[in-house]
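Reader: I would like to go through this model with you. Could we begin with the overall picture and then turn to individual residues?

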Amino acid sequence: MASLVTLVVAGGASLFMAWAIGAGSSGSTPFAPAVGANAISVMRAGFVVGILGLAGAALQGANVSEAVGSELILNVSLSPTAAVVALTTAAILVALGVFAGYPIATAFTVTGAVVGVGLALGGDPAWAKYQQISALWVATPFLGGGIAYGTARLLRAEGVPERFAIPALAGVVGVILANVEFVFLGPSGEQASAVAAAATAAEVPLFTARIGVSLAVALVAAVALWWDIRANGERGQRHFLLVLGGLVAFSAGGSQVGLAIGPLLPLLDPYDLPLIAVLVGGGIGLLIGSWTGAPRMIKALSQDYSSLGPRRSIAALIPSFAIAQTAVFFGIPVSFNEIIVSAIVGSGYAAGQSAVSREKMVKTVLAWVASLAIALGVSYAVFAAVDAVL
């Protein structure tokens, strides 16, 4: 009975974490560039991103969830008390960031909290996984910001016609989408991409299918957007922005749900609950957070970091989608705040440094670093104190 009560408490902490993430990270970041470009209202963005985040959580959330639950610490499994401490510590830090108007990096806080309680349990550091995680965390600002900067400069160049450049970017997004893995495309319990599904169905080599399907999807996306822009350039850009925001919102659900339910997974083994049910539960938490708390952070990201126009918003969302899907594929917990803020800043610099709030950027980076250190230290200390008493 006591273990069941502890599991219920841990489940409550997981839902609290899901709400905090939905309000602060997955709920606010995907559509922030589109809101900044006046392509969609703040309230409508919060509504749509919640639904898409729930879909992403159910269809793509397994990899990151399993990594957070079992790969961040070695030779021990998280106990119910450890899960409660880790989730509550991380959720409080993220919630404080939401109410203060600063996007705390959820991946930093959850990773720090889980590692903290894991070390307090006597586990060993998973150095190989930490190297993989830190490599992506460090590379994200340079890759996301650099690609966004280059894309924004390309779209601002006088010799590059928009009616061809933007559809070409849609083709790039199509290539990425063709190689994204989904649960419904793979065999039972596994994920697969459209490329892999086509290779299996047509009984052709994977490389051949990858080339053919990727080119086909890219061509369809490019031609469709070219036709839309040809009819009305401003409307076509707005449609592309909304599609990109939707793709990033879906990716956010697939990545961020693992931060909320990952620490809970070791506790569920005796109960034989299907993973999809747990993913949907976490996705519902993200949805509620998006609907109730995201508008504040959407405003902060869309207005406070850089003044965004349609071109710079497109430039920010394309690398965000690519990096998010890379993280989902490899099962790496990554902060969507870091991804989006880096891309927004990079695209903002393409218009000159005056378009970027340097003070806000510096404070945000400090908040990210502090959240990792504080989450690790507090979760370690709290669990050690609770464990000593119990």
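Reader: How many helices and strands does the protein chain have?
Author: This is a predicted model. In it, the protein chain has 16 helices and 4 strands.

Reader: What percentage of the residues in the chain is buried?
Author: Buried residues account for 54% of the 390 residues in the protein chain.

Reader: And the contacts: what share comes from residues 24 or more positions apart?
Author: Among contacts with a separation of 6 or more, 84% are between residues 24 or more positions apart.

Reader: What classes of residue make up the lining of the largest pocket?
Author: The lining has 14 nonpolar residues, 3 polar residues and 1 charged residue.

Reader: Staying with α7, I am looking at Thr140. Is Thr140 buried or exposed?
Author: Thr140, which lies in helix α7, has a relative accessible area of 1%, so Thr140 counts as buried, the limit being under 20%.

Reader: Which backbone oxygen lies 2.7 Å from a polar atom of the Thr140 side chain?
Author: That is the backbone oxygen of Leu136.

Reader: Which residues is Thr140 in contact with, leaving aside neighbours within four places in sequence?
Author: Thr140 is in contact with Gly145, Ile323, Val334, Glu338, Ile339 and Ser342.

Reader: Next, α8. What span should its 17 residues have at 1.5 Å a residue?
Author: Helix α8 covers residues 162–178 and should span 24 Å.

Reader: Which residues of α8 are buried?
Author: They are Ala165, Ile166, Pro167, Leu169, Ala170, Gly171, Val173, Gly174, Ile176 and Ala178.

Reader: What do the buried residues of α8 pack against?
Author: They pack against α7, β4 (192–193), α9 (194–202), α10 (206–231), α11 (233–261) and α14 (310–330).

Reader: How does α10 look by the helix-span check: what does it reach from its first C-alpha to its last?
Author: α10 has 26 residues and reaches 37 Å, close to the 38 Å expected at 1.5 Å a residue. Its buried residues are Ala209, Val213, Ser214, Ala218, Ala222, Leu225, Asp228 and Ile229. The elements covering these buried residues include α8, α9 and α11.

Reader: Where is Val195 placed?
Author: Val195 is in helix α9. With a relative accessible area of 0%, Val195 is buried.

Reader: What does Val195 contact, leaving aside its neighbours within four places in sequence?
Author: The contacts of Val195 are Ala178, Asn179, Leu206, Ala209, Arg210, Val213 and Ser214. Two of these, Ala209 and Val213, are among the buried residues of α10, and Ala178 is one of the buried residues of α8.

Reader: Changing topic: in which helix is Glu66 found?
Author: Glu66 is found in helix α4 (residues 62–70). Its relative accessibility is 38%, so Glu66 counts as partly exposed. Not counting residues up to four places away in sequence, Glu66 touches Glu71, Leu265 and Leu275. Glu66 and Leu275 are 209 residues apart along the chain, and their C-alpha atoms are separated by 9.8 Å.

Reader: Last topic, the backbone. What is the phi of Asn75, and what is that of Glu203?
Author: Asn75 has a positive phi of about 70°, and Glu203 has a positive phi of about 55°. Neither residue is a glycine.

Reader: Why point these out?
Author: Because most residues other than glycine have a negative phi.

Reader: Where do Asn75 and Glu203 lie?
Author: Asn75 is in the loop between β1 (73–74) and α5 (80–100), while Glu203 is in the loop between α9 and α10. Asn75 counts as exposed at 67% relative accessibility, and Glu203 is exposed at 74%.

Definitions and conventions
Residues numbered from 1 in each chain as written. Predicted model: local features only at pLDDT ≥ 70, side-chain atom pairs only at ≥ 80, totals over all residues. Heavy atoms only, no water. Nonpolar A, V, L, I, M, F, W, Y, C, P; charged D, E, K, R; others polar. Helix = DSSP H or I, 4+ residues; strand = E, 2+ residues; numbered from the N terminus. Buried < 20%, exposed > 50% of the residue type's maximum accessible area, 1.4 Å probe, protein only. Polar contact = N/O pair within 3.5 Å; in protein donor to acceptor, adjacent residues only side chain to side chain. Contact = heavy atoms within 4.5 Å. Expected span 1.5 Å × (residues − 1).
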